[in-house]
Amino acid sequence: MIYLLIVLCVIIILLLHHNLSNKKKIQEIVKVLDDIYSGNLDRRLVTDENSEISSLVYKINEIVIKDKHKLSEFNKAEKAYKKLVTSLSHDIRTPMNAIIGFTTLAKAHLNDTEKLQDFLDKIEHSGQDLVQLLDDMLELSRLETSREH
């Protein structure tokens, strides 16, 4: 009878130790996840190969790596987008300023048909450049959309 009681006590002690060990592992995981949540995507969870929670830890690490890759791709795309917007701003302003400037000059030379015709030709050319730029942008957008799907 005493042996049975001793065996039960040992089993209870082992189970309590195991439970406490798992609790400590979970607390460590929570600390690392808090660090990851705050932006440290280089942080990884570590566990024993044969622990009950190892598959969970590996899956969380995979998710973090995937999210880090997505964030990197997003940052590259955002940088490219900002560069495109800056370039387009310049490319659109140039023909628009030409149209405005030559329209002002044309108004000032309504009686000089030769100058007026020259200004109108330049306005038309700048308008065509602007339309071509917009067509190119729409084509690029269409290609990007079809590539994503």
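**Figure 1. The buried residues of helix H2 and the helices they meet.** In this predicted model, the buried residues of H2 pack against helix H1 (2-37) and H3, where contact means heavy atoms within 4.5 Å. Helices (H or I, at least four residues) are DSSP runs, numbered from the N terminus. Among the buried residues of H2 are Ser54, Val57, Ile60, Asn61 and Val64, and the list also includes Leu88, Pro95 and Ala98; buried means under 20% relative accessible area, with a 1.4 Å probe and protein chains only. The end C-alpha atoms of H2 are 80 Å apart, which agrees with the 81 Å that its 55 residues should span at 1.5 Å a residue, the expected span being 1.5 Å times one less than the number of residues.

Figure 2. H1 has 36 residues, and from its first C-alpha to its last it reaches 52 Å, close to the expected 52 Å. Its buried residues are Asn22, Ile29, Val32 and Ile36, and these pack against H2. Gly39, which follows H1, has a positive phi, near 120°.

Figure 3. Ala106 has its place in helix H2 and is buried, because its relative accessible area is 7% and the cut-off is under 20%. Leaving aside residues up to four places away in sequence, Ala106 touches Leu116 and Phe119. Ile26, by contrast, lies 80 residues from Ala106 in sequence and 77 Å from it in space, C-alpha to C-alpha.

**Figure 4. The largest pocket and its lining.** A pocket is an open set of points on a 1 Å grid over the protein atoms alone, where a 1.4 Å probe fits, with protein on both sides within 12 Å along at least five of seven lines, and lining residues have an atom within 4 Å of a point. The largest pocket holds about 230 Å³ of space, and its lining consists of Tyr81, Leu84, Leu88, Met137, Leu140, Ser141, Glu144 and Glu148. H3 gives the most to this lining, with 5 residues.

**Figure 5. Confidence along the chain.** The mean pLDDT of the protein chain is 89, and 99% of its residues reach 70 or more; pLDDT is the predictor's confidence in each residue, from 0 to 100. Confidence is highest in H2 (residues 54-108), at 91, and lowest in H3 (residues 113-148), at a mean of 89.

Residues are numbered from 1 along each chain as its sequence is written, and side-chain values use heavy atoms, with hydrogens and water left out. Because the model is predicted, local features need pLDDT of at least 70 and side-chain atom pairs count only at pLDDT 80 or more, whereas totals for chains, interfaces and linings use all residues.

How values were computed
Helices (H or I, at least four residues) and strands (E, at least two) are DSSP runs, numbered from the N terminus. Buried means under 20% relative accessible area, exposed over 50%, partly exposed in between (1.4 Å probe, protein chains only). Grid points are joined across faces, edges and corners, and a volume is the space filled by probe spheres set on the points.
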